[in-house]
Amino acid sequence: MICVQSHNSTVLKRCILLGITLLILWSSLHAQQIELLARPYHCNLKKGKVKDFLEEINNKSGIIIEYASSSLELEKIIELDGNETSLGAVLQKVLHSQRVKLQKLNNKIILVPATSVINTDAFVPSYTFYGFVKDEFGKEPLIDATIQEKQSRRGILTNSHGFFSLTLSEGTHQVEISYSGYFRKLIDIYLHSNKRFDIELSARKEIQEEVIVVSGNGLKRNGSDKISTDEEGEINYFMGENDPIRSAYLLPGVKNITESFSNMLVRGGSTDENLFLLDGNPVYNPTHMLGSLSIVNQTSVKSMRLFKNDFPAKYGGALSSVIDVYTKDGNMEHWQGEANAGLLAGSFTLEGPIVKNKTATMVSFRHSWPVSGLKIFQKNIDPDFYDLHLKLTHLLDKNDKLMINFYTGRDRIKQTQDNADNLHRWGNIVASAGWNRVIGAKSYVNTSVNMSHYDNLGGFQYTLYDQNNVPIQTKSLGTFASIVKYNARSTAEITITNKTKLNIGVEFARTIIKPFDTKLSSQLEENTSNFKSFDPLPFNELSGYAESELRLTKKLFIRPGLRFTDYHFSNYNFVGFEPRFFISYRTGHSQQVYFSVNRMTQYLHLVTSPYLGVNSDLWVPSTKILKPEQSESYNLGYSMITKNGFRLSADGYWRQLKNVTNYTEGKSYFINETNWQKNIETGKGWSYGIEWIVQKNAKKISVHAAYTLSWSWRQFYDINNGEKFPFKYDRRHNINAGFVYHPNKWLNFSALWSFATGDAFSLPDYIYPDYDNAQQIINPDDLLKNYRFIYHYSLVNQYRTSPYQRLDFAITYHTPKQKKIRSIITAGVYNVYGSPDQYAYDLRGSLNDKSIIIEQRNKLFDLTPYLSYTLKF
């Protein structure tokens, strides 16, 4: 109905009255239809044909159902379960999967032919079946467990705390609950109101199919990769340490480097563009040993996901990737533990109930050996690190849970090479208190307060020698900085229907950065009180997000979202809007395509001095001069599972980066607190590529192969004459291939081969002698020993290093899982080829000979055999 606006108020009133009348009439008819279906009715026929049920309803219910015989499958056999107490409940079973629609006329129900299957759920009231899925042995919540109603195939996944909410029609349902590595469970439920049911699953003692990096077979709800935390590790080992983060390095688009603290680059981004979350709390440096080993202890991890294809709206503050790690709550029923001794360190994990089924704790500790076995094979490196992780979980009641997390870890590592020493010292302290609450049958709220502190000290010491190789002077250059973040966050997940879910959240954060003046001295400085501090650089950030998960059809899922941020530093304010969108569509039973668009904003910049060696990183905030880093990314993907069990996926991506940072030409560190912004230059970048991954996980043999073809560029106004140039780590081709062979249930052999084409680097176009009139050097022939060369660069990163490759091999033996006390023994060789992991090039020349290029092949770890023993009890 269209009402035309008129100056006559009478016409307007009549339009409003007519609209209200039609609304009341429609509501009345709809209510009558609902009332008709809600009439009490008990069917005497328990099993029979559709036509038999319709005939009995016409004869005994007092309601007439009219239909055309050609519009129904009248010979279809129907069986009732005896719990049907209304006409609607009976018709829900009788008309299931029929292509008709229902109309009501007077006291009749008319079944009209339709092109689509009738929605019989509307015939009866709907109620919500909700609760938690847990491990039977320790009551640990299981993340991403599947809950599915057998007949309708409607299902849902548990959230990051094991909670689920599934709405079903009134009546009896058979529900299947499944989780990787656990026995499936079938339960029968009868719904006549909202019902809570906490489900416990039993773990398999011997897992038939072991997975390295897996994705669910269902329609994708995001583009993340689930990283396995399998206890045998298979190809996750680093010198005897089972490190699940190393599985992320096997994924396409992820590069493993040794020249920065995090050791990871994703899709052409820098190391600072990755966000590492430990139980929702950011960790600024999640590694030990210069990025070679992560802080994650396999035995304390419950789940781990890597986001690089798309980013749900709850994630912010990083441009390239998010690694989201959740740790175990602690065993609520039994004490259990694990101890490990390897080449690098010793560790233990212990978890159990303080009050059974009420309060549990989990503690994990690792420390490098005072005399490291690594020194046998690596003379020039001396690592010293530890980490401690403590978690306390308390159940207030069935709806409320409190959690306290604490992590601390520190590293000190000294490298000696030629005439120089590098000192690296850093540490993290992370703490949080969280409250999880179930509100009704469809809402789950998580509230937490968090703190994350990181400090970093880097030093470089070198010695000058005279012509007789006698030391004449020793100098040291050192930096120190720290950053701490406090935040309070509350998020909610609201299941509106089985097809619609709403995610919302809000967070306030305050970050304080303390840069210190670069210190020049004769010795390496480790006393941080001797560094002169700049004024702190604090900033505040308020953020919020809203996101919908919409299952439009059985084949189509979309997830639109929006993140909002309000940033304040000094007198600078920035308001950012970050739209997110993800869509997946099933093209066949085991095939689907997906697409995502993401805008990300990052307010922290990481600048690294190229002259202080590894780990000379300094965080700085966004300012009016240093604008926030931003990115826009697009991802198109395809995945399938073949009949013989191969998992294949391919992704193409394009990313645009804005306000990426670099030290201004000729600058390498902070000079003083008044001009530090002038030492940093912002520019832009972009990257694009194609990624493939193939996996097959079988009882005897598992294979994993990943390939990346990519390009990554940077552009700065004052660098390379303003022209674009390749990003330093623009490795065109990357290959990771893993192989695992299980000759029996107790033994496996694994090998991992990695290959990457070379990095980009610069060399001067030509050199010329520096004639210094002040020193009366006007002709090299006068005093050859005093002149020096000037190197002239006209291009940046115009050359390529040699390619990289590495081969690792391991053998793992474990006793049967049925035993209460079990052992795992792993022996292997890291870097079988002894391949370098970093190339450095220099141009050496003289007046009499041609210049030559000198290649230095550096490796943090040479060929290194290792042995580790793990005891589980």
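This is a predicted model: local features need pLDDT of at least 70, side-chain atom pairs count only at pLDDT 80 or more; totals for chains, interfaces and linings use all residues.

Tutor: Residues are numbered from 1 along each chain as its sequence is written, and side-chain values use heavy atoms, with hydrogens and water left out.

Student: How many helices and strands does the protein have?

Tutor: Helices (H or I, at least four residues) and strands (E, at least two) are DSSP runs, numbered from the N terminus. On that basis, the secondary structure comes to 3 helices and 57 strands.

Student: What percentage of the residues of the protein count as buried?

Tutor: Buried means under 20% relative accessible area, exposed over 50%, and partly exposed in between (1.4 Å probe, protein chains only). Of the 873 residues, the buried share is 52%.

Student: What share of the contacts with a separation of 6 or more comes from residues 24 or more positions apart?

Tutor: Contact means heavy atoms within 4.5 Å. Among the contacts with a separation of 6 or more, residues 24 or more positions apart account for 64%.

Student: Are helices α2 and α3 roughly parallel or roughly antiparallel?

Tutor: Axes are lines fitted to C-alpha atoms, for helices over the stretch in contact, and angles run from 0 to 180 degrees between N-to-C directions. The axes of α2 (residues 50–60) and α3 (residues 87–94) come within 10 Å and cross at roughly 160 degrees. Angles under 35 degrees count as roughly parallel, over 145 as roughly antiparallel, 65 to 115 as roughly perpendicular and the rest as oblique. The two helices are therefore roughly antiparallel.

Student: How many residues of α3 are buried?

Tutor: The buried residues of α3 are L87, G88, A89, V90, L91, Q92, K93 and V94. Helix α3 is therefore largely enclosed by the rest of the structure, its buried residues numbering 8 of the 8.

Student: How many aromatic pairs are there, and what is the geometry of the pair formed by F564 and F577?

Tutor: Rings of Phe, Tyr and Trp (its six-membered ring) pair if their centres lie within 6.5 Å; planes under 30 degrees apart count as stacked, over 60 as edge-to-face and the rest as tilted. By this rule the count comes to 22 aromatic pairs. For F564 and F577, the centres are 5.4 Å apart and the planes make an angle of 50 degrees, so the pair is tilted.

Student: Which strands hold F564 and F577?

Tutor: F564 is partly exposed at 29% relative accessibility, and F577 is partly exposed at 46%. Their pair ties together parts that are 13 residues apart in sequence, because F564 lies in β37 (residues 556–569) and F577 in β38 (residues 572–588).

Student: Is S570, with its positive phi, buried or exposed?

Tutor: S570 has a phi of about 55 degrees although it is not a glycine. Its place is the loop between β37 and β38. With 66% relative accessibility, S570 counts as exposed.

Student: Is D279 buried or exposed?

Tutor: D279 is not a glycine, yet has a positive phi of about 55 degrees. D279 is in the loop between β20 (274–278) and β21 (281–282). Its relative accessible area is 13%, and D279 is buried.

Student: How far apart in space are L606 and E273?

Tutor: L606 lies in strand β40 (residues 604–608) and is buried, with a relative accessible area of 9%. In sequence, L606 and E273 are 333 residues apart. Their C-alpha to C-alpha separation is 8.8 Å.

Student: What distance separates the C-alpha atoms of Y839 and N858?

Tutor: Y839 belongs to strand β55 (residues 838–844) and is buried at a relative accessible area of 11%. Y839 and N858 are 19 residues apart along the chain, and their C-alpha atoms are separated by 6.0 Å.
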